[in-house]
Amino acid sequence: VGLSDVAASGLSIRAPERNLGGGRIIEDGGELQTIRGDDALAGKQVDFIKMDIEGMELRALAGLEQTIARCRPVMFIEVDNANAKEFHDWVAAKEYRVETSFRRYRSNVNYLVIP
């Protein structure tokens with residue numbers, strides 16, 4: 001099960017041969033499903049969220065909107081370069097701030113964001 005902004009099924013993960021952690025979700029009739037984080041975490045206290053979900057971070061954040069508004073957790077999120085501007089816009093709109101960032105790979109940056 002993966003987190004997204006919508007519930008879906010019939011998905012799989014396609015991973016590069018030399019980087020299993022770099023898998024991306026594809027629609028191909030597979031057995032993976034996505035759910036909204038708000039549905040999974042309804043009524044639970046969430047103090048910390050860590051995301052490393054290969055480009056799906058903004059969709060997962062959208063699916064966690066109620067949880068984030070209610071709990072205001074600290075978050076450590078890997079953000080693909082293609083999503084950087086939208087992520088920074090999200091951080092500002094949700095009244096979070098980047099405490100620190102770390103780049104290990106050219107294709108993304110890890111951010112520690114706090115309310």
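Guide: Let's start with lysine 94, which is partly exposed at 28% relative accessibility, meaning between 20% buried and 50% exposed limits for relative accessible area (1.4 Å probe, protein chains only). This is a predicted model, where local features need pLDDT of at least 70, side-chain atom pairs count only at pLDDT 80 or more, and totals for chains, interfaces and linings use all residues. Residues are numbered from 1 along each chain as its sequence is written, and side-chain values use heavy atoms, with hydrogens and water left out.

The side chain of lysine 94 forms a salt bridge with that of glutamate 65 (3.5 Å, N to O); the term asks for a side-chain nitrogen of Lys or Arg within 4 Å of a carboxyl oxygen of Asp or Glu. Glutamate 65 belongs to helix α3 and lysine 94 to the loop between α4 and β7 (97-102), so the pair ties together parts 29 residues apart in sequence. Helices (H or I, at least four residues) and strands (E, at least two) are DSSP runs, numbered from the N terminus. Glutamate 65 is partly exposed too, with a relative accessible area of 45%.

Elsewhere, aspartate 5 and arginine 59 meet at 2.9 Å, N to O. Aspartate 5 lies in the loop between β1 (2-4) and β2 (8-14), and arginine 59 lies in helix α2, 54 residues apart. Their relative accessibilities are 27% for aspartate 5 and 39% for arginine 59.

Arginine 97 and glutamate 99 also pair, at 2.6 Å, N to O. Salt bridges with shared partners join Arg36, Asp38 and Asp39 into one network. The whole structure holds 6 salt bridges.
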